[in-house]
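Here is a short briefing to read alongside the model. Have the viewer open and follow the topics in turn.

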Amino acid sequence: MDEIIRAVTSDGFIKISAISGRGLVERARQIHNLSPVATAALGRTLCAASMLGDLLKEEDASVTLRVNGGGPIGTVMAVSDSSGNVRGYVQNPHIDLPLKANGKLDVGGAVGTDGTLTVSRDLGLKEPYIGSTALVSGEIAEDLTYYFVESEQVGAACGLGVLVNTDLSVICAGGFIVALLPGAPDKLIETIERNIAEMGQVTDILQNGTADDLVGRVLFGLEPEILSRRTVEYRCYCSRDRVQRALESIGREALEELAASGESAEINCQFCNEIYTFTPEEIRLFLAQSEE
Ligand SMILES: [Zn+2]
């Protein structure tokens with residue numbers, strides 16, 4: 001079961017979100033038939049998006065994380081609802097790169113650093129809130145940390161990790177985002193920095209542990225109080241209605257052409273690969289209805 005927990009230190013200066021997301025990353029891997037490095041890149045991004053979604057206060061809101069670094073994986077995209085349920089995709093799901101010298105998957109090499117990380121929060125208002133920063137390493141966690149500091153002026157640190165088995169399945173996945181509230185004493189900041197430096201890899205902890213263990217390690221010695229616990233999953237919101245509206249948005253002329261071709265239009269959802277088929281008769285019906 002995937003879970004996000006949120007906690008705060010007793011002095012209120014430090015807030016943390018931590019996720020254990022093996023199930024949702026494994027689901028993404030199966031849907032998109034991801035290579036190991038693509039599993040790691042999308043998995044880290046999905047876990048980050050899920051934690052940001054869980055922090056949204058508005059119902060029916062969503063947050064989109066888009067990473068575009070010019071590397072061979074192309075765009076990495078993850079969307080979370082306001083309960084932390086996520087969906088996502090990468091442009092090139094099958095790319096394969098040599099492991100790095102330290103034996104880790106080369107997420108930075110796949111993503112690239114010639115581009116941006118963009119966070120878009122749709123709160124149901126006219127315009128979404130969009131912030132964007134240049135990529136630092138393409139490893140996602142570092143890029144997100146830089147984003148918080150530069151774009152949202154929040155002192156933050158982030159760790160993300162996905163461990164892939166030799167049979168390509170996900171062994172563990174997850175991470176944390178820790179935020180320092182204004183006025184946090186230097187000593188507290190030093191403690192957090194030391195804890196993060198000494199805790200090792202996120203995946204080392206999650207391999208035998210939980211999101212609680214991540215919180216315990218990042219906030220070691222600071223008596224964290226758990227604020228909330230929430231089960232999250234990979235969840236797509238596509239439906240025939242939504243796909244139909246997207247199809248109709250291509251315009252009358254294109255629809256007429258499509259209907260005249262005599263062949264059915266097949267549209268597959270980028271997030272879950274569900275295939276929606278529309279026959280020429282159905283397309284003609286949309287055209288007739290939109291005339292009314
Ligand atoms: Zn879908």
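Let's begin with strand β2 (residues 14-20), which is mostly covered, as 7 of its 7 residues are buried. A residue is called buried if 20 or more other C-beta atoms lie within 10 Å of its own, exposed if 12 or fewer do, and partly exposed in between, with C-beta atoms placed from the backbone. Please keep in mind that this is a predicted model: local features need pLDDT of at least 70, side-chain atom pairs count only at pLDDT 80 or more, and totals for chains, interfaces and linings use all residues. Residues are numbered from 1 along each chain as its sequence is written.

- Helices (H or I, at least four residues) and strands (E, at least two) are DSSP runs, numbered from the N terminus.
- Both faces of β2 are covered: I14, I16, A18 and S20 are buried on one side, and K15, S17 and I19 are buried on the other.
- On one flank, β2 pairs with strand β1 (residues 2-8) in the antiparallel sense over 6 bridges; two strands pair if DSSP finds at least two bridges between them.
- Across this pairing, R6 stands opposite S17, and V8 stands opposite K15.
- β1 and β2 form a hairpin with 5 residues between them, and G12 in the turn has a positive phi of about 80°.
- β2 also pairs with strand β9 (residues 170-180), in the antiparallel sense over 7 bridges, and there the bridge partner of I14 is L180.

**The sheet as a whole**

- These strands belong to an open sheet of 5 strands in the order β8-β9-β2-β1-β10, with antiparallel pairing.
- β8 (155-164) and β10 (225-232) stand at the edges with a single partner strand each, so one side of each is left without a neighbour in the sheet.
- Neighbouring strands of this sheet are turned by 10° against each other on average, direction ignored.
- β8 and β9 pair in the antiparallel sense over 10 bridges, and G159 stands opposite F176 in β9.
- Their hairpin has 5 residues between the strands, and L168 takes a positive phi near 80°.

**Helices on the sheet and against each other**

- α1 lies across β1, β2, β8, β9 and β10, running at about 125° to β9. Axes are lines fitted to C-alpha atoms, for helices over the stretch in contact, and angles run from 0 to 180 degrees between N-to-C directions.
- Helix α5 (residues 186-199) lies across β2, β8 and β9, running at about 15° to β8.
- Helix α1 (residues 22-32) and helix α2 (residues 36-54) pack at an angle of about 135°, with their axes 10 Å apart. That makes α1 oblique to α2, since angles under 35 degrees count as roughly parallel, over 145 as roughly antiparallel, 65 to 115 as roughly perpendicular and the rest as oblique.
- L24, V25, A28 and R29 in α1 meet T39, L42, G43 and L46 in α2; residues are in contact if their C-beta atoms, placed from the backbone, lie within 7 Å.

**A closer look at T39**

- T39 is found in helix α2. Is T39 buried or exposed? T39 is buried, because 27 other C-beta atoms lie within 10 Å.
- Leaving aside neighbours within four places in sequence, T39 is in contact with V25, R29, L34, V162, V164 and V170.
- T39 and V170 are 131 residues apart along the chain, and their C-alpha atoms are separated by 8.1 Å.

Note on methods
Contact = placed C-beta atoms within 7 Å.
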